[in-house]
Structure formats: structure tokens, C-alpha cells
Amino acid sequence: MDFNIFMNDVVTKARDEIRQAGYSELTTPEEVDEALNKEGTTLVMINSVCGCAGGIARPAAAHAIHYDKRPDQLVTVFAGQDREATNRAREYFEGYPPSSPSFALLKDGKIQTMVERHDIEGFEPMEVIGKLQRSFDEYCEEV
């Protein structure tokens, strides 16, 4: 099998999985600026093709939002694929190094907290869901 065909399939499935979970995909710097400057809370899932993204982060992203408190907006950028959009999103994560997969929670365009790769890799999806929901408790409104 051709490696590029294989990778395109993996990327397509990863994109589809997070969109089906209810996240809007941001593929340009302009889309990132528009989304991250909105009032309210925004959860950004920094997607990737690594095993901890597929086995832990995306499942956690899909299930964490079924909670009494949740962000107003759910968005995703794809590290390694939509580089310009990802780099722009990372400009909003002041004080945090690049990390993928990861989650950033913003309020009114300002970073509040992150769940970084070291908070994901080696953990079970339920543990990451708990980390996300604790941040929802602190920064989000009840829905």
C-alpha cells in the first residue's frame, strides 16, 4: 500500500471522528481568529494522527461534552495537517508550549487552561474526560 494513500485515509478518519463528535474544524488562520475571538468559552481540540489522539484524546473529546457544564463552542485544528491554522491557534495558548494532541479552554479569547499531551498520553480516556470536565466546572456555564 502506498504510504500517502494510507496517511490520507488515517487523516480523513481522524477529521471525521472529531467532526462527528460536534467539533467545528478550523483550517485557516482566519477561521481560527474568528472562532477564538468569540465571547464565551471555547474548547479547542488539537488533533493529530498519533495513537494517543485516536485512542484517548478523540474519545475523550467526544464524551467529555456530555456534561452539565460545557463550553459554548467546540472547535478543532489538526496539527501536522493544517499547519497555519494550528500555528495561529497556538498563538492564543500563551504560556503553553506546542503540544498535540491537547485541549485548550479559552474564555473570551483568553487561555484559561490546557490539557497537554503529557496529561493525555499514558492515561485512560475516562481520566482525560475527568480532567476536561473539571475545567468545565471551573470555567463554563451550565447548559
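**Strand pairing and one side chain**

I start with β4 and strand β5 (residues 110–115), which pair in the antiparallel sense over five bridges. The model is predicted, and I read it as such.

Next I looked at the hairpin of β4 and β5. Two residues lie between its strands. D108 takes a positive phi there, near 50°.

I then turned to the other partner I had on my list. Strand β2 (residues 41–47) runs antiparallel to β4, and six bridges join β2 to β4. So far I have β4 paired with β2 and with β5.

I picked out F103 to follow the pairing across. F103 in β4 is the bridge partner of M45. In β5, F103 has V115 as its bridge partner.

How many residues of β4 (residues 102–107) are buried? I find five of its six, and I note the strand as mostly covered.

Is T42 buried or exposed? Its relative accessibility is 2%. The cut-off for buried is under 20%, so T42 counts as buried.

What does the side chain of T42 make a polar contact with? I find the side chain of Q73, at 2.9 Å.

I listed the contacts of T42 last, leaving out residues up to four places away in sequence. T42 touches A104, L105 and L106, among others. The list also includes A35, L36, P71, Q73 and V75.

Key. Residues are numbered from 1 along each chain as its sequence is written. This is a predicted model: local features need pLDDT of at least 70, side-chain atom pairs count only at pLDDT 80 or more; totals for chains, interfaces and linings use all residues. Side-chain values use heavy atoms; hydrogens and water are left out. Buried means under 20% relative accessible area, exposed over 50%, partly exposed in between (1.4 Å probe, protein chains only). Helices (H or I, at least four residues) and strands (E, at least two) are DSSP runs, numbered from the N terminus. Two strands pair if DSSP finds at least two bridges between them. A polar contact is a pair of N or O atoms within 3.5 Å; within protein, one must be able to donate a hydrogen and the other to accept it, and residues adjacent in sequence count only if both atoms are side-chain atoms. Contact means heavy atoms within 4.5 Å.
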